[in-house]
Amino acid sequence: VAGVKLASLADLLMLSFTLISRLSDALPLAASMDNTTDSSFSDPDKFKLQARNIFKELSLHPPPRLLSIESGDFSFHLLTETGVCFLTICPTRTPAYLAFSFLEDLNREFQHLYGSEVTRCERPYAFIKFDTFLQKTKKVYMDSRTNRNLGRVAGKQNVTKKHIREVLGWVKEEPPKRKRFPPRTLFAIIGLCLLCALALVGVLYSRLS
């Protein structure tokens with residue numbers, strides 16, 4: 001596709017981790033993380049925690065099929081289908097279509113192997129053996145020929161984009177402002193109260209007389 005800059009898939013696959021979770025309760029089903037010495041990815045635990053929180057939030061608010069969530073210099077890309085959510089993280093500069101093509105391949109194979117078992121799964125990471133296929137798929141995607149082929153379909157995906165604070169609800173709503181009455185209304189209320197008080201005093205006085 002003219003005008004599309006193809007990033008190296010090493011950006012996607014060597015600087016990422018991938019998590020697969022059941023959507024209904026955020027139960028982790030499989031995971032894989034690459035070792036990297038890149039200084040921009042010096043705090044992987046931060047991103048893993050964000051990923052788990054994203055899954056918990058999406059279990060309450062079902063996401064669109066394709067969702068990209070920006071978090072600083074990195075982006076979470078998620079594909080959700082038949083109750084399973086696939087997530088990978090890569091540098092924000094990496095074109096989203098590369099990440100989603102990768103997730104589509106994982107989705108097809110995972111659904112084929114374990115789709116009928118997902119709802120019955122009770123323990124975390126029950127399908128950790130899926131990491132074997134995940135690693136093989138990453139090697140395929142790092143081939144430059146795969147880059148060129150994927151470039152031909154770039155721009156055909158309907159992706160919803162969000163910021164991490166939107167998804168996790170970190171933007172606090174402003175407290176409701178107290179309703180203030182204009183001076184005329186305030187004086188009218190005070191006058192009415194005084195009239196009621198005077199009327200009550202008059203009633204009490206007449207009864208005591």
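Predicted model: local features only at pLDDT ≥ 70, side-chain atom pairs only at ≥ 80, totals over all residues.
**View 1. Overall organisation of the protein.** The protein contains seven helices and six strands. Along the sequence, these elements follow the order α-β-β-α-β-β-β-α-α-α-β-α-α. The protein has 209 residues, of which 38% count as buried. Among contacts with a separation of 6 or more, 67% are between residues 24 or more positions apart.

**View 2. Strand 1 and its pairing with strand 5.** Strand 1 comprises residues 17–22, and six of its six residues are buried. Phe17, Leu19 and Ser21 lie on one side of strand 1, with Thr18, Ile20 and Arg22 on the other, and both faces are covered. Strand 5, formed by residues 84–91, runs antiparallel to strand 1 and is joined to strand 1 by five bridges. In one of these pairings, Arg22 has Val84 of strand 5 as its bridge partner.

View 3. Thr80 belongs to strand 4, which spans residues 74–81. The relative accessible area of Thr80 is 11%, and Thr80 is therefore buried, the cut-off for this class being under 20%. Apart from neighbours within four places in sequence, the residues in contact with Thr80 are Leu23, Pro63, Pro64, Arg65 and Cys85.

View 4. Helix 4 consists of residues 131–141, and its buried residues are Leu134, Thr137, Lys138 and Tyr141. These four residues lie on the same side of helix 4 because they cover an arc of only 105° around the axis. An α-helix has 3.6 residues a turn, so residues three or four places apart point the same way. Lys136 and Lys139, on the other side of helix 4, are exposed.

**View 5. The crossing of helix 3 and helix 4.** The axis of helix 3, which covers residues 96–114, comes within 11 Å of the axis of helix 4, and the two cross at roughly 145°. This crossing of helix 3 and helix 4 is right-handed. From helix 3, the residues that meet helix 4 are Leu98, Ser101, Phe102, Asp105, Leu106 and Glu109. Their counterparts in helix 4 are Phe133, Leu134, Thr137, Lys138 and Tyr141. Leu134, Thr137, Lys138 and Tyr141 are also the buried residues of helix 4.

Conventions. Residues numbered from 1 in each chain as written. Heavy atoms only, no water. Buried < 20%, exposed > 50% of the residue type's maximum accessible area, 1.4 Å probe, protein only. Pairing = 2+ DSSP bridges. Contact = heavy atoms within 4.5 Å. Arc of directions from axis to C-beta. Axes fitted to C-alpha atoms, helices over the stretch in contact; angles between N-to-C directions. Left-handed = near helix turned anticlockwise from the far one by under 90°.
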